[in-house]
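Please walk through this model selection by selection, with the viewer open beside the text. Each stop says what to select and what is found there.

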Amino acid sequence: REASAQHDHVLAGHRVGIERTVRVGHLLYTVTIGPNVRRHMTVELITAATPEIHEAMGRLLPQLSRSAAPMSEADVQRFLSQSGVHLFVFRSDTADAEGNHPILGMLSLATFEIPTGVRAWIEDVVVDEAARGQGAGQSLVVAAIEPAQKIGARTVDLTSRPSREAANRLYQRAGFQLRETNVYRVTLEKK
């Protein structure tokens, strides 16, 4: 099954590019065309744990959080088996020296139903340091919005520290708006 969507990207009142996303099965292909810009990238929805996914998570998670504990293969399998969790990964269509298309970024979409409606949250967006600035984050975020909309979510939420200036600009370019709300947290001790 193939589906497509097209989005105009506007920055400061000027059109800076057109992003076209085409879905074929679990693969999402994104092409962004703008002034002197043309790139082809693949965002893939991961449905099963593999050694490649385990390796990519082990490489990417420390770039997101120094305090994140490494995930075992069983942890990755348990994470992916949750019905409301969707893991998207980004691959460049340009092969590396060995001919592989390594995973260069990932994003988790958590969806759940509560009495007031269906909710969707984007979490753990990370792009490999070597691949930043090439549109991977934007492609991941855009790809995660479609499944959230399909299950009936009216909004997609995410949080980002103010110090993550590049990430905050990315989310705003993708259509996210800053909300006036307080975020509270209680830290629980492990038992």
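In this predicted model, the largest pocket holds about 1700 Å³ of space. To find its middle, select Ile122, Glu123, Leu158, Thr159 and Ser160, the lining residues that lie nearest the centre of the largest pocket.

Next, colour the elements around the pocket.

Now keep two of the helices on screen: H3, residues 136-150, and H4, residues 165-173. Two packed helices are described by the angle between their axes and the distance between them. For H3 and H4 the angle is about 45° and the axes are 10 Å apart. Angles under 35 degrees count as roughly parallel and those from 65 to 115 as roughly perpendicular; H3 and H4 are therefore oblique to each other. Their crossing is right-handed.

To see where the two helices touch, show side chains. On H3, select Gly137, Gln138 and Val141; on H4, select Leu170, Tyr171 and Arg173. These residues make the contact. By class, the contact of H3 with H4 has three nonpolar residues, two polar and one charged.

Methods
Residues are numbered from 1 along each chain as its sequence is written. This is a predicted model: local features need pLDDT of at least 70, side-chain atom pairs count only at pLDDT 80 or more; totals for chains, interfaces and linings use all residues. Side-chain values use heavy atoms; hydrogens and water are left out. Axes are lines fitted to C-alpha atoms, for helices over the stretch in contact, and angles run from 0 to 180 degrees between N-to-C directions. Helices (H or I, at least four residues) and strands (E, at least two) are DSSP runs, numbered from the N terminus. Angles under 35 degrees count as roughly parallel, over 145 as roughly antiparallel, 65 to 115 as roughly perpendicular and the rest as oblique. A crossing is left-handed if the near helix is turned anticlockwise from the far one by less than a right angle, and right-handed if clockwise. Contact means heavy atoms within 4.5 Å. Ala, Val, Leu, Ile, Met, Phe, Trp, Tyr, Cys and Pro count as nonpolar, Asp, Glu, Lys and Arg as charged, and the others, Gly among them, as polar. On a 1 Å grid over the protein atoms alone, a cavity is a set of points where a 1.4 Å probe fits but cannot get out, and a pocket is an open set with protein on both sides within 12 Å along at least five of seven lines; lining residues have an atom within 4 Å of a point. Grid points are joined across faces, edges and corners, and a volume is the space filled by probe spheres set on the points.
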